[in-house]
Amino acid sequence: MMRKIFAAGTLLAVSAMPAAHAGATLDAVKAKGFVQCGVSTGLPGFSAANDKGQWAGLDVDVCRAVAAAVFGDASKVKFTPLTAKERFTALQSGEIDMLSRNTTWTLTRDTNLGLNFAGVNYYDGQGFMVHKSLGVKSAKELDGAAICIQAGTTTELNLADYFRSNGMKYQAITYDTSDESVKGFEAGRCDVLTSDQSQLYALRIKLKNPGSAVVLPEVISKEPLGPVVRNGDEDWLKVVRWSLFAMINAEEMGVTSKNVDEMRKTTKDPGKQRLLGLSGIKGQGLKLSDDWSYNIIKQVGNYSEAFEHNVGMGSPLKIARGLNALWSKGGIQYAPPIR
Amino acid sequence: MSEMMQEKYAPGTHPDWEPPATEVGVIGWMRENLFSNWRNSALTLLGVYLVYLIFVPLIDWAIVNADWAGDTRDACTSGGACWVFVKVRFNQFMYGFYPAEEYWRVNATAVLFALMILWLTVPRIPLKRVAGVLTLFVFPIAAYFLLGGGVFGLSEVETTRWGGLTLTLILAVVGIVAAFPLGIILALGRRSEMPIVRALSVAYIELWRGVPLITVLFMSSVMLPLFLPEGVNFDKLLRALIGIILFQASYIAEVVRGGLQAIPKGQYEAADALGLSYGKKMVLIILPQALKLVIPGIVNTFNELFKDTTLVLIIGLLDLLAIIKAALEDSNWLGYSIEGYVFAGAVFWIFCFGMSRYSRALERKLHTGHKR
Amino acid sequence: MTDRKTHPASEEIPAVQLQGVHKWYGEFHVLKNINMDVARGERIVICGPSGSGKSTMIRCINRLEEHQKGHIVVDGTELTSDVKNIEQIRREVGMVFQHFNLFPHLTVLENCTLAPIWVRKMPKAKAEEIAMHFLEKVRIPEQASKFPGQLSGGQQQRVAIARSLCMNPAIMLFDEPTSALDPEMIKEVLDTMIELAETGMTMLCVTHEMGFAKTVANRVVFMDGGEIIETNDPHAFFDNPQHERTQLFLSQVLQH
Amino acid sequence: MTDHTDEQAPAAASFWRDPRKRAIVFQVIVLAIVLGLGAYIFHNTLHNLEKRGISTGFAFLHNEAGFGILFSLIPYDETYTFGRTFLVGLLNTLLVSAIGIVLATILGFIVGVARLSHNWIISRLANLYIEIFRNVPLLLQILFWYFAMLPLLPHPRQSLAFEGGIFLNRRGLYLPAPVAEPGFGWVLVTLGLVIAAVVVLRRWAHRRQEATWQIFPVFWTSLALLIGLPLLSYGLLGAPLDWDYPALKGFNFQGGMTVIPELVALAIALAIYTAAYIAEIVRSGIQSVSHGQTEAAYALGLKRGTTLRLVIIPQAMRVIIPQLTSQYLNLTKNSSLAPAIGYPDLVAVFAGTTLNQTGQAVEIIAMTMGVYLTLSLTISAFMNWYNKRMALVER
């Protein structure tokens with residue numbers, strides 16, 4: 001009774017959590033006409049707002065891909081900037097439809113939080129950046145170093161584990177945000193800056209003289225980052241998962257946003273035909289229109305395009321593909337086939 | 001003899017009566033205020049040196065050597081401040097991610113608010129009580145619909161797109177306005193003769209005043225969802241506002257209590273003797289006087305809250321400082337944080353300085369008003 | 001006074017009855033067994049050294065102070081902790097304070113119309129008409145739109161009297177109305193009070209103005225140490241005080 | 001109506017019209033609502049915690065923390081428990097607050113007096129100081145002082161070396177740490193005795209001055225006693241103290257004591273910010289002392305400084321102290337901005353890292369708030385006591 005009164009009293013401001021049965025999210029998303037996507041409040045290359053207030057980045061492109069698949073329009077997505085602390089609550093409570101915010105796929109998160117990881121859009125790992133002048137070549141030489149960290153993730157634990165297992169000592173200066181940690185590093189407060197490797201490259205650009213620092217080769221943890229959805233809604237999970245896979249498959253087949261129209265008209269390749277929804281199961285299995293994957297490639301691009309444009313050589317970050325190269329090119333990005 | 005003098009010269013203009021040059025004009029002023037003795041002179045020189053030490057490099061960096069033109073980072077070459085970054089992002093810092101074609105709604109709200117404040121503060125405009133009621137009850141609703149849209153053909157703008165200085169102002173204004181009634185109730189409760197009511201009020205006030213706002217914001221963002229029934233979830237902005245309002249109410253309660261204490265006992269007695277009930281006594285006699293007394297205190301509280309809104313960045317709301325920080329994550333503009341922070345500092349300073357000036361002027365006015 | 005209400009029992013029941021009233025402030029016994037009847041139309045002046053309990057006594061009559069023992073009956077209604085009775089009695093009893101206690105945020109006119117409008121539920125026009133009537137009585141109608149802070153002390157006190165009269169009270173209490181005033185202003189207030197007395201208003205007045213007592217009072221009550229020492233008509237009281245404490249007090253007061 | 005008796009109590013009112021009884025009913029209702037709301041929130045919280053599979057209780061405090069903390073007053077490393085991280089954070093909060101309070105008070109009084117200086121430039125500068133630092137968010141100021149200070153210090157390898165094994169660089173100020181050897185206890189005992197003796201001496205001198213008008217050089221005597229006797233006992237016992245000197249090993253200095261720059265920057269920022277408020281309080285306090293007091297003091301032949309110290313400030317203190325208290329409380333609460341520059345205070349290590357590692361939001365936030373609440377209540381209780389004492393003495 002009291003609950004009812006309370007709920008009625010706060011009706012204006014309250015959004016009830018959508019029931020998490022299969023298809024509910026997809027239907028709800030279609031009904032409201034846009035995807036509500038949780039992103040980072042700011043992470044160079046992954047999600048950041050440009051001066052026109054448009055969000056851009058590798059994580060953002062996953063959201064846009066989903067919107068393109070569902071609506072045929074990559075712009076039908078709204079972004080909710082989230083901090084690390086809030087991200088899971090926001091997803092659990094239905095505030096957002098999907099979370100695309102450099103979230104590491106771990107057992108605990110997959111099982112205990114009522115969440116489902118839809119795939120991996122970036123294989124990352126914790127690394128170290130040092131001042132070049134120290135002449136350090138390997139993380140093993142870092143005994144006694146002062147290390148700048150950004151608080152609030154598993155970074156601190158990985159670091160402690162690594163130094164303990166190698167019998168080394170360190171001094172950790174834990175800042176609230178990445179911006180402060182890189183400034184601390186630049187000001188010489190610490191010898192080493194540790195973060196996910198993708199971030200180290202981004203943080204390096206923030207230095208007045210980016211050439212004065214080097215990223216060490218060691219990677220001390222596995223950080224597969226990917227989009228997340230709520231548990232118990234298979235249909236929605238599959239839409240998000242295959243939106244990502246479509247981008248990777250497109251790269252593998254050499255279909256880009258530039259040549260996709262041409263391909264669609266001319267291709268005789270059965271694989272490409274299936275990818276572009278010209279034959280095979282098309283959009284039926286995902287309860288989407290047949291041109292869902294075409295829309296993704298046309299409007300967002302394939303994985304390689306998104307990567308290069310946001311974090312790769314076409315961006316200020318200039319991160320090498322590394323682990324994120326296709327399986328066929330020495331990396332581990334591998335998407336199940338569309339057939 | 002003196003009569004003769006007065007005949008020759010108008011009163012006070014006799015050449016012998018003029019003050020010596022060392023007492024008037026620039027020199028006299030300097031002697032009096034800067035070099036009255038050797039210690040004073042030393043202090044003056046020290047002061048001048050300090051000014052030189054601080055302001056010359058500052059002006060050099062911020063103005064002389066700064067870059068203003070252009071719209072990419074390539075335009076920043078001189079080594080001074082790169083104001084291009086602020087220029088390019090200016091709208092975002094002001095409006096957050098509010099759609100550009102809807103900026104007029106934010107502006108309209110701000111103008112509306114400014115008009116209400118003018119009405120409330122300029123002594124010549126009548127009907128203050130009407131203005132008070134409008135500001136407290138009508139304006140917030142109007143502002144909510146104007147900014148949020150979804151009615152009267154206004155397109156909807158979700159609260160996640162509100163940001164920048166707009167959000168800072170919303171947080172501070174709503175925080176104060178909504179906390180006001182609660183603060184008054186608490187202040188009355190603290191002065192109540194009912195022991196349980198008094199104890200609860202004291203406990204509430206001391207509890208909230210005893211903890212830092214940062215933990216309150218933590219609580220509202222992380223714990224509030226746990227307090228509510230399953231499936232009920234507030235909008236993020238509202239969650240933060242609830243925390244700020246509950247927190248702020250305790251500060252307002254203490255300010256109002258000060259005002260209530262300053263009302264002489266005779267006012268209560270006269271109201272009683274006229275047969276006014278408790279509620280009428282408070283609403284008609286005591287509160288109007290007390291609230292007038294506490295306006296400077298309220299402005300100061302507002303000032304504090306305004307600065308404290310910078311803390312909402314820890315719960316992912318993009319207020320002025322947070323949106324500047326977010327802009328610093330744009331890979332095209334990495335590394336211009338000093339310009340961003342200086343800009344934030346300047347904006348905050350202008351607002352807070354203005355408010356503290358106003359509150360002090362008001363205090364002085366109330367002070368003289370009382371002597372009458 | 002215009003439309004004075006006729007009280008049903010106005011002839012039989014005294015305006016105020018105090019029976020065996022005691023009051024303590026913690027350990028301090030302020031009022032000791034006070035017994036007094038005030039008839040309708042009677043004008044009583046209460047005097048005594050400071051701290052004798054005279055203010056406390058009249059403040060008990062409209063319940064600004066609460067007595068702990070005994071009975072106080074005002075206008076036929078007994079003062080109990082009953083809120084309705086208290087409100088009823090306060091409506092019938094006007095009070096004028098030493099420090100005027102005008103409401104500084106309201107104009108003179110608003111000071112006068114506030115209670116009639118909010119307590120008596122009178123229409124605003126009617127309340128203003130009555131207020132102007134009484135402001136004329138106290139001879140300051142031209143100040144109606146000013147704020148109390150703009151008036152002299154004597155004017156303020158006259159407004160305070162008018163404010164009480166606007167409630168059309170059956171009884172008026174005066175708690176040292178002139179002791180906060182400069183000498184030249186005392187007279188204007190006393191004149192107003194004398195005029196009021198001439199209308200037949202029931203008045204209880206705590207004052208040291210012995211001249212006023214001689215001209216106006218039906219009875220003078222002398223209090224000391226929380227007790228009523230002596231009650232007498234003014235002539236007998238001043239010319240032939242019975243009690244030696246009264247004699248001592250009068251010798252000190254009348255010296256100047 | 002003459003048959004009254006003395007024992008008559010005033011008649012009672014009917015239940016609903018008696019304000020006291022109404023007050024009781026009202027209070028019962030208010031209490032019921034508050035308790036009901038509390039129970040409702042409690043119920044919801046338990047339900048939600050269970051639903052999300054979050055365990056409740058304080059058992060997590062015994063788990064191994066597994067992360068390092070930059071600076072600790074008590075022994076700590078990764079193998080200690082979360083309970084220990086709480087303690088470390090708490091002590092760090094207390095440390096920075098205490099330093100900040102001392103600095104803010106000194107600076108605040110200087111600026112406050114400077115504000116009233118007859119020297120135009122000095123009073124303008126003091127005013128400028130107040131207006132700038134009061135009106136910029138503290139968070140920005142903390143960031144500013146930290147990142148402005150760091151580049152001014154040398155790199156570890158070019159550390160400034162001082163006499164006696166003291167080094168200064170960007171990692172902090174390195175000092176030799178005293179290591180007590182057997183016998184050092186006696187030096188401490190001597191010190192304690194000397195302090196007691198000085199207290200007695202001061203009282204004696206005071207009484208003698210009142211009785212005989214002779215001024216005894218208390219300050220110099222006390223100083224001599226305080227330094228001399230413990231040194232003497234230290235020497236006699238054969239210098240029973242060893243020093244652990246910091247030394248450059250690898251990247252950084254190891255050993256000794258370290259004052260980290262985060263602590264310094266935070267304390268300075270807090271002090272500078274709060275001093276702007278204290279200066280205003282001091283100014284208004286001094287101005288509240290009537291001008292007649294100053295003139296009376298001048299008439300007695302006291303100099304300006306002496307007047308300020310002996311006549312004005314003691315009287316102004318009555319106005320100043322209550323407001324000073326609330327500034328101390330504010331400073332303590334504001335120290336919670338520490339995580340911005342990586343100072344490991346309670347909010348950074350406990351409500352930050354520990355919360356992230358354990359997810360025990362309710363317990364951790366409650367404990368953190370409890371600490372600040374206790375600190376506030378303690379400081380204000382102490383100040384209330386002090387105020388009462390002052391009020392008694394002054395009257």
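The model is predicted. Chain D buries about 3000 Å² with chain A and about 4500 Å² with chain B. Within chain A, domain 1 and domain 2 bury about 750 Å² between them. A:Ala246 and B:Ser220 both sit in helices, the former in α9 of chain A and the latter in α9 of chain B.

**Chain D against chain B**

- The contact draws 49 residues from chain D and 53 residues from chain B.
- Carbon and sulfur atoms give 69% of the buried area of about 4500 Å².
- On the chain D side, D:Gln27, D:Asn135 and D:Met369 lose the most area to chain B. Together these three residues account for 13% of what that side buries.
- Three salt bridges are counted between chain D and chain B.
- D:Glu131 forms a salt bridge with B:Arg360, and their closest N and O atoms are 2.8 Å apart.
- There are 14 residue pairs in polar contact between chain D and chain B, with both residues at pLDDT 80 or more.
- Elements giving two or more residues to this side of chain D are α1, α3 (120-134), α4, α7, α10 and α11 (361-394).
- Helix α1(D) gives the most, with 14 residues.
- By class, the chain D side that touches chain B has 31 nonpolar, twelve polar and six charged residues.

**Chain D against chain A**

- Here 35 residues of chain D meet 35 residues of chain A.
- Carbon and sulfur atoms give 52% of the area of about 3000 Å² buried between chain D and chain A.
- Three salt bridges are found across the interface of chain D and chain A.
- D:Glu64 pairs with A:Arg164 in a salt bridge, with the closest N and O atoms 3.1 Å apart.
- Ten residue pairs are in polar contact between chain D and chain A, both residues being at pLDDT 80 or more.
- The elements of chain D that give two or more residues to this side are α1 (19-51), α4 (138-149), β7 (252-254), α7 (261-288) and α10 (346-358).
- The largest share comes from α10(D), with five residues.
- The chain D side that touches chain A divides into 16 nonpolar, twelve polar and seven charged residues.

**Domains of chain A**

- Chain A is divided into domain 1 (22-123 + 225-329) and domain 2 (126-221).
- The C-alpha centres of the two domains of chain A lie 30 Å apart.
- Eight residues from domain 1 and six residues from domain 2 form the contact.
- Carbon and sulfur atoms carry 66% of the area of about 750 Å² buried between these domains.
- A:Pro44, A:Leu317 and A:Ile319 supply 44% of the area that domain 1 buries against domain 2, more than any other three residues.
- The count of salt bridges between domain 1 and domain 2 of chain A is zero.
- The side of domain 1 that touches domain 2 has eight nonpolar, no polar and no charged residues.

**A:Ala246**

- A:Ala246 lies in helix α9 (residues 234-253) of chain A.
- A:Ala246 counts as buried because its relative accessibility is 0%, and the cut-off for buried is under 20%.
- Beyond its neighbours within four places in sequence, A:Ala246 is in contact with A:Leu275, A:Trp292, A:Ser293, A:Ile296 and A:Ile338.
- A:Ala246 and A:Lys329 are 83 residues apart in sequence, and their C-alpha atoms are 18 Å apart in space.

**B:Ser220**

- B:Ser220 has its place in helix α9 (residues 213-227) of chain B.
- B:Ser220 is buried, with a relative accessible area of 3%.
- The side chain of B:Ser220 reaches the backbone oxygen of B:Leu217 at 3.0 Å.
- Leaving aside neighbours within four places in sequence, B:Ser220 is in contact with B:Pro225, B:Arg239, B:Ala240 and B:Gly243.

Notes: Residues are numbered from 1 along each chain as its sequence is written. Chains are lettered from A and ligands numbered from 1 in the order in which they are written. This is a predicted model: local features need pLDDT of at least 70, side-chain atom pairs count only at pLDDT 80 or more; totals for chains, interfaces and linings use all residues. Side-chain values use heavy atoms; hydrogens and water are left out. Contact means heavy atoms within 4.5 Å. Buried area is the accessible area (1.4 Å probe) that two parts lose on being put together, summed over both. A salt bridge is a side-chain nitrogen of Lys or Arg within 4 Å of a carboxyl oxygen of Asp or Glu. A polar contact is a pair of N or O atoms within 3.5 Å; within protein, one must be able to donate a hydrogen and the other to accept it, and residues adjacent in sequence count only if both atoms are side-chain atoms. Helices (H or I, at least four residues) and strands (E, at least two) are DSSP runs, numbered from the N terminus. Ala, Val, Leu, Ile, Met, Phe, Trp, Tyr, Cys and Pro count as nonpolar, Asp, Glu, Lys and Arg as charged, and the others, Gly among them, as polar. Domain bounds come from an automatic or database domain assignment. Buried means under 20% relative accessible area, exposed over 50%, partly exposed in between (1.4 Å probe, protein chains only).
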